[in-house]
Amino acid sequence: MEKSLKLHSDLAEDVATSSSFRQFKIKHFHLDLSVDFEKRTLRGTETLQLKCIQDSQSELLLDIHPSLSMQEVSYCRSEDDSDSVKVEFITRNFTSYGTTLVVKFPAPCKIEEQFRVVVKFLASDGPGVCWLDPEQTAGKAKPYVFTQGQAVLNRSFFPCFDTPAIKSTYSAAVKVPDGFTAVMSASKGEHRMADNTFLFTMEQPIPSYLVALAVGDLVSAEVGPRTRVWTEPCLLQAAKQEYDGVIEEFLVVGEKLFGPYVWGRYDVLFMPPSFPFGGMENPCLTFVTPCLLAGDRSLADVIVHEICHSWFGNLVTNANWGDFWLNEGFTMYAQRRVCREIYGEAITSLEAATGRALLRQHMDNTGEDHPLNKLRVKIKPGVDPDDTYNETPYEKGFCFVSYLAHLAGDQSHFDAFLKAYIDKFKFRSVMAEDALEFFLEYFPDLKKKGVDMIKGLEFDSWLNVPGWPPYLPDLSAGKSLMKPAEQLSELWAAEVLDMASIKKTNIQAWKTNQAVYFLEKIIEKSPLPRGETEVHTACVPCTVEWIRGDQGFGHRDLQCHLPSAPCQRPQLRQEDPCLCAIIGAEHEIQSLVSLTLA
Ligand SMILES: [Zn+2]
């Protein structure tokens, strides 16, 4: 048998897990879950199929959370349950975001030994399991529950090796009350009517953070040969209309650029309005905010982003959260690469310019030297990886991948590299070293030239020096779209307001991202010299009218930027309320919105 490829990630440290993921391999795990909305609990039995990969292990360590109560653990060496024995277990403190389940074996495990561990547990209101009251759903009639694993939250859903360093297949049986439907990030699903149980299998290995479940009043409609939209009944028509026939094109372009789509189905679950993120790339079933139902297909780039995670992130995964830029920087590049194919260079450059402006704001707010402004973040033990979340891995990551493309020269060469990168590391987790060594191996001439050591642009500096990207891709193709937005922002910020020119700007004709770009330029210029009141009185009404539309539902894409709704942008999905995220703490625009929404 061929020895599997040795990677730097084989030795990757992950300070965010306390599990024994280097001592054991999870070959597969099965979850038996029963959903109780009244008690807000998931009663579960998890069966882990394990193999010992380091000799003489007397205990197994799994990541859990105080909200997950352990009831019984048993150990079994045979295929059936005949020699199953209950074993001792304890819970040990780990960090503020998790604890450790310590399972004691009857006798130390030897290397290569295979066995099963069965854990009975009860998951309640943990950080990864979100219970919604009916009022928090679109239909307002039935409760809803969904899970969110990234980054280290699934340890409150089920006991696991909660690290992106390792992957396994899983299956599940989810029993739900009558009138409810369960969906999961799985390649196969079926409904057993007799006991209203939904059966799932994920045939491809995935890291624990990509296991996801949602249960609610859910229905679905086909919108493509391998794609279905799932929503509450009241949103189904809108979801079908918005995405019918659209998503397949994204998948086809993705496959052309990055290689086969390995996950079988690509379904989209439109979440209740209280979903706090733009999107989460759960494999086979992306979770997205219903804000994407803009009515004009203008927010499809969020779906393109999540689809691109099917290759970058889900198929090739960062081995720890310090290298999160490998997931997000490559995905931003892939998203814009797909968008360029479909929508063209100008609009894609405009969108990338809005991303660059967000990075500018982020660095202005934190100071360029902030340690989070390195691509590779040094996460200290005890620090929740979610607390390191920011714009850098997305937009500085995009710049670095764009720089690699620039070094490669011809776009077709870099496209071929991306395809080869996916093929080489598929179903594995990688560190930056793995990716960059492969880049240099793939382009031996560049390696010979020492492109990784060019002064100021050393690969090592890209990874480990905080601050503004030392290379910016050329976005001048978007100039014609950026210019009117820049001009209007200058008029707003002028010492003397030129109302005639402000009124002449035809913002009705703008694309969504032009308005976003305009708002970002205003933030860069704020505080505005004339003070908020005067500028608002003069400039705001027409802009807000346009944002809100005639019935308040005009440009719903921009409504996503209003405080009550989550943000459209995946980069900002962990910020809430969204307006604060995109507009920053600058009160000009905040008071603009609060004034006019009152
Ligand atoms: Zn992403």
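In which helix is the place of Glu 328? Glu 328 lies in helix α4, which spans residues 324-343. The model described here is predicted.

**Overall make-up**

The protein chain has 598 residues, and 59% of them count as buried. Its secondary structure comes to 17 helices and 22 strands. Among contacts between residues at least 6 apart in sequence, 72% join residues at least 24 apart.

**The annotated site**

UniProt, in an unreviewed entry, places the feature "binding site" at three residues: His 305, His 309 and Glu 328. They are spread over 24 residues of sequence, yet they cluster in space. The largest C-alpha distance among them is 9.3 Å.

Two of these positions can be assigned to helices. His 305 sits in helix α3, residues 300-308. Glu 328 belongs to helix α4. His 305 is buried, with a relative accessible area of 0%. Glu 328 also counts as buried, at 0% relative accessibility. Both values fall under the 20% cut-off for buried.

How many of the nine residues of α3 are buried? Nine of the nine are, so α3 is largely enclosed by the rest of the structure. The buried set includes the charged residues Asp 301 and Glu 306. It also contains Ala 300, Val 302, Ile 303, Val 304, His 305, Ile 307 and Cys 308.

**Helix packing around α5**

Helix α5 covers residues 345-366 and packs against helix α13, residues 512-525. It also has a contact with α4. The table sets out the two pairs.

| Helix pair | Angle between axes | Axis separation |
|---|---|---|
| α5 and α13 | about 25 degrees | 9 Å apart |
| α4 and α5 | roughly 150 degrees | within 7 Å |

Take α4 and α5 first. Their axes cross at roughly 150 degrees. That makes α4 roughly antiparallel to α5, because the angle is over 145 degrees. On the α4 side, the contact uses Gln 335, Arg 336, Cys 339, Arg 340 and Tyr 343. They meet Glu 345, Ile 347, Thr 348, Glu 351, Ala 352 and Gly 355 in α5. By class, this contact divides into four nonpolar, three polar and four charged residues.

Now α5 and α13. Their axes pack at an angle of about 25 degrees. That makes α5 roughly parallel to α13, because the angle is under 35 degrees. The crossing of this pair is left-handed. From α5, the contact is made by Leu 350, Glu 351, Ala 353, Thr 354, Ala 357, Leu 358, Arg 360 and Gln 361. From α13, the contributors are Asn 513, Gln 514, Val 516, Tyr 517, Glu 520, Ile 523 and Glu 524. Here the classes are seven nonpolar, four polar and four charged residues.

An α-helix has 3.6 residues a turn, so residues three or four places apart point the same way.

**Leu 68 in strand β4**

Is Leu 68 buried or exposed? Leu 68 counts as buried, at 4% relative accessibility. Its place is in strand β4, residues 68-76. Leaving out residues up to four places away in sequence, Leu 68 touches Phe 121, Leu 122, Ala 123, Arg 155, Ser 156, Phe 157, Phe 158 and Pro 159. Thr 99 is 31 residues from Leu 68 along the chain, and their C-alpha atoms are separated by 9.6 Å.

Notes: Residues numbered from 1 in each chain as written. Predicted model: local features only at pLDDT ≥ 70, side-chain atom pairs only at ≥ 80, totals over all residues. Heavy atoms only, no water. Axes fitted to C-alpha atoms, helices over the stretch in contact; angles between N-to-C directions. Helix = DSSP H or I, 4+ residues; strand = E, 2+ residues; numbered from the N terminus. Parallel < 35°, antiparallel > 145°, perpendicular 65-115°, else oblique. Left-handed = near helix turned anticlockwise from the far one by under 90°. Contact = heavy atoms within 4.5 Å. UniProt positions renumbered as here; feature names shortened; annotations may be inferred. Buried < 20%, exposed > 50% of the residue type's maximum accessible area, 1.4 Å probe, protein only.
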